Amino acid sequence: MAIATPAGAAGSSSPFVNPQKGLPDNVFLTTLNAASSWARKNSLWPMPFATACCGIELMATASSRHDLARFGAEVMRFSPRQCDLMIVAGRVAMKMMPVLQRIWLQMPEPKWCISMGACACTGGVFDTYAVVQGVDRFIPVDLYVPGCPPRPEQLIAGIMQIQELVQRTGTMQGTEFQYRNRPTGPAPFDADEIIRIREGQLQLTPLELPVSLKQAQTPTLTQATP
Amino acid sequence: MDFAALNEHLGGVLKSEAFRDNNRVIVPANRLEELMSHLKHVGGFDFLSDVTCVDYLEYPGATDRFGVVYVLVNTATRERLIVKTFVNDPAPKLPSMYSLWKTADWTEREVYDLFGIHFTGHPNLQRILCPPEFESHALRKDYPLKGRGERHNFPVITRAES
Amino acid sequence: MPVVASSLNPAASRAHTGGHGSHPREPVDSEYLWTLNFGPQHPATHTTLRLVLTLDGERIVKAEPDIGYLHSGFEKLGEDLDFNQYVTIVDRMNYISPLANEIAWHHTVEKLLDIKITPRCTYLRTILAELMRLHDHLLCIGAVALDLGAFTAFLYFFQQRELIYDIVEYASGQRFHTSYTRVGGVMFDVNTAWADKVRNFSKGFPKIHSEVDRLLTRNRIFVDRVKGVGVLSREDAINMGCSGPIARASGVVRDLRKDEPYLAYADLDFKVAASKGGDCYARYLVRMQEMLESIKIIDQAIENIPDGPVNVDLEGKSVLPAKPAVYRSIEGLIHHFEMVMPNRGFKVPVEEIYASTESPNGELGFYIVADGEPRAYRARCRPPSFIHFATFQHIMPGYMLSDVPAVLGSLNIIAAELDR
């Protein structure tokens with residue numbers, strides 16, 4: 001595969017090398033993997049899975065001042081079928097997690113995932129019953145962008161890093177993914193969390209009630225929906 | 001709203017409280033519908049600002065478990081009134097205010113979802129914030145902040161299988 | 001991927017379908033109805049909402065919002081964090097105008113604790129609240145325009161948002177979630193350079209505003225998409241609990257800044273924008289007008305901002321001391337320590353209070369139940385988005401599918417505030 005690029009464009013970061021002096025200036029030799037990764041890296045189509053505050057910073061990254069288009073990743077597509085980079089921006093609640101997993105499965109290979117912001121990475125300040133404590137427990141994540149929310153510059157740095165990752169590890173067939181057959185994130189349960197949940201279950205029946213209610217029937221905590 | 005006249009209309013079952021600029025009327029649950037209807041049609045409180053609930057399980061000096069709070073506004077005179085009533089376990093139940101104010105639709109559903117108080121006469125009393133398969137009522141005081149493991153109950157997808 | 005289809009001539013098709021209320025509901029054979037899932041991941045929802053639309057062709061017969069996709073337990077956290085800590089959480093509630101939430105929260109807390117903030121702080125918070133109103137309306141109008149195909153207005157307005165980000169960043173150190181207010185004051189005082197930044201902004205803003213005004217207000221494409229769409233009558237607006245720009249666009253002239261003046265609004269001269277239309281266009285106009293009024297308020301407040309301390313006096317021991325005092329003097333350190341220790345800081349009554357402010361989106365109220373601890377026993381938020389989104393199912397029947405983004409955008413639904 002020979003790709004015509006202007007002479008001099010092949011800098012140190014370019015995958016294209018021209019070791020053979022006999023060829024014309026606009027012919028380069030490279031591996032298929034490097035060439036396809038180079039093309040992919042410069043035309044990432046992000047899927048903005050923007051749930052909360054980070055979504056607004058994602059908007060800021062894409063709009064006037066910070067202009068993500070300078071880095072070749074501005075084609076935001078809201079259909080997972082057209083995207084190869086998922087940006088999970090914002091906390092993912094327990095009602096949203098199945099949706100996220102389904103959207104991730106719908107994206108075609110090769111695909112990468114950025115977890116943007118403290119909530120997507122770890123749950124952030126929302127250590128509550130409803131918020132998933134890090135999306136990497138349930139879907140694979142390639143890059144974490146910390147911050148609450150990260151500044152647009154920080155997100156741009158993250159996208160540039162994922163471009164480097166694509167260039168470095170990418171293969172034509174996407175074979176680099178098939179070895180990652182184990183979950184990469186932390187386990188869904190921490191040891192102390194299991195203990196806490198068990199203690200919570202034990203506390204289910206005996207209840208601290210106000211004195212006047214002590215005579216009343218013990219309330220059922222998990223009332224069935226009518 | 002003249003409290004004395006209101007109390008007389010309801011037969012003297014009301015209690016009144018004031019704190020800073022808030023005026024509260026406390027009504028027994030069985031007279032709630034009558035009071036609210038009177039407040040809307042005679043008192044002119046045409047705007048239901050909010051419906052919420054408090055679980056008084058660990059509250060100092062509390063005698064009832066749940067307090068349901070209605071914040072009313074009279075849009076003509078800009079007057080605010082807070083109506084409060086108490087319900088108790090088991091099976092806390094209140095009449096729905098949906099027929100008087102449509103604001104009550106989602107706010108009552110939220111109270112049902114997070115506290116488990118049933119509103120009889122509500123057209124669509126389903127969970128609104130938590131998923132339908134959620135079993136507890138999250139804002140009750142005996143439900144832990146970090147939940148009972150519901151947030152971990154998902155399949156794990158690895159890179160190779162996706 | 002649900003696609004928002006646009007009818008060829010929305011104005012003409014609307015003419016015979018009529019609007020909500022005026023439109024006699026034709027009996028439709030249920031066999032012809034189909035269901036469309038709109039969201040939760042959809043560009044027009046901006047954040048995470050789901051609508052289940054029952055359609056007769058392109059006309060909406062029934063619209064059922066399904067929410068809770070961002071329910072994160074804000075109110076449960078409010079029972080765990082103290083009055084100063086919880087400000088970091090309310091920040092994240094309406095994330096397109098974070099400071100407005102902080103001001104509303106501490107307004108309620110100060111009412112509960114009976115703290116009267118200093119005149120300088122009053123004016124400072126007023127300026128910040130109005131900046132946040134601009135912040136919110138800029139994104140709201142920009143997003144409506146973006147959804148209806150006008151990309152330029154969005155970019156123009158986002159540039160102005162970046163300037164506001166700069167201003168709040170200069171004051172607080174964070175551009176987005178500032179966590180700037182404290183009980184009885186703010187984190188840091190501002191200086192004259194900050195005031196100059198605000199003056200510069202308010203000088204430049206009307207130009208951009210008028211440019212967008214010229215781009216949109218009489219733009220045939222835009223007006224056809226929003227005029228007569230999503231009509232909410234005055235009676236419905238009151239009965240459904242609408243407040244803020246949505247209620248004012250329906251003719252309910254109700255603005256807490258005038259009705260129950262808080263902060264410095266009683267001293268400042270401004271008008272309340274209102275309209276009788278009740279449709280998306282009226283909401284757009286009200287928001288545009290409110291932005292000009294906000295600039296007026298900012299101009300007055302920045303010129304009249306009094307000197308003096310920004311926090312209430314430290315002998316009262318109700319506010320956190322300044323950081324330099326904590327680091328450099330033993331008294332400051334002791335004071336800080338006493339404030340953050342449980343049972344040592346605030347004198348909290350065993351009482352309950354509801355207080356509300358006019359946030360950009362409407363009446364943002366907090367109902368705090370206090371049990372004598374320095375944290376709330378129950379921290380209920382009255383979220384305007386939640387109340388406004390409940391109207392959606394009543395507004396929508398009779399309109400076309402392509403009207404959904406216009407109505408959603410003009411109601412300005414913020415998912416984190418909606419679901420908390």
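Colleague: Which residue is the bridge partner of A:Val88 in strand 3 of chain A?

Modeller: The partner is A:Ser115. This is a predicted model, in which local features need pLDDT of at least 70 and side-chain atom pairs count only at pLDDT 80 or more, while totals for chains, interfaces and linings use all residues. Residues are numbered from 1 along each chain as its sequence is written, chains are lettered from A and ligands numbered from 1 in the order in which they are written, and side-chain values use heavy atoms, without hydrogens and water.

Colleague: What makes strand 2 and strand 3 of chain A a pair?

Modeller: Two strands pair if DSSP finds at least two bridges between them. Strand 2 (residues 85-89) and strand 3 (residues 112-116) of chain A have 5 bridges, in the parallel sense, so they pair. Strands themselves are DSSP runs of E, at least two residues, and helices are runs of H or I, at least four, numbered from the N terminus.

Colleague: How do you know that helix 2 of chain A packs on the sheet?

Modeller: Contact means heavy atoms within 4.5 Å. Helix 2 (residues 53-62) of chain A touches strand 1, strand 2 and strand 3 of chain A, and its direction makes about 130° with that of strand 2. Such angles run from 0 to 180 degrees between N-to-C directions, with axes fitted to C-alpha atoms, for helices over the stretch in contact. Helix 5 (residues 152-169) of chain A also packs on the sheet, touching strand 2, strand 3 and strand 4, at about 155° to strand 3.

Colleague: Why are strand 1 and strand 4 of chain A called edge strands?

Modeller: The open sheet has 4 strands in the order 1-2-3-4, with parallel pairing. Strand 1 (46-50) and strand 4 (143-145) of chain A each pair on one side only. The twist averages 20° from one strand to the next.

Colleague: Why is C:Ser250 called buried?

Modeller: Buried means under 20% relative accessible area, exposed over 50%, partly exposed in between (1.4 Å probe, protein chains only). C:Ser250 has 5%, so it is buried. C:Ser250 lies in the loop between helix 10 (244-249) and helix 11 (256-259) of chain C. Not counting residues up to four places away in sequence, C:Ser250 touches residues including C:Leu232, C:Arg234 and C:Ser275.
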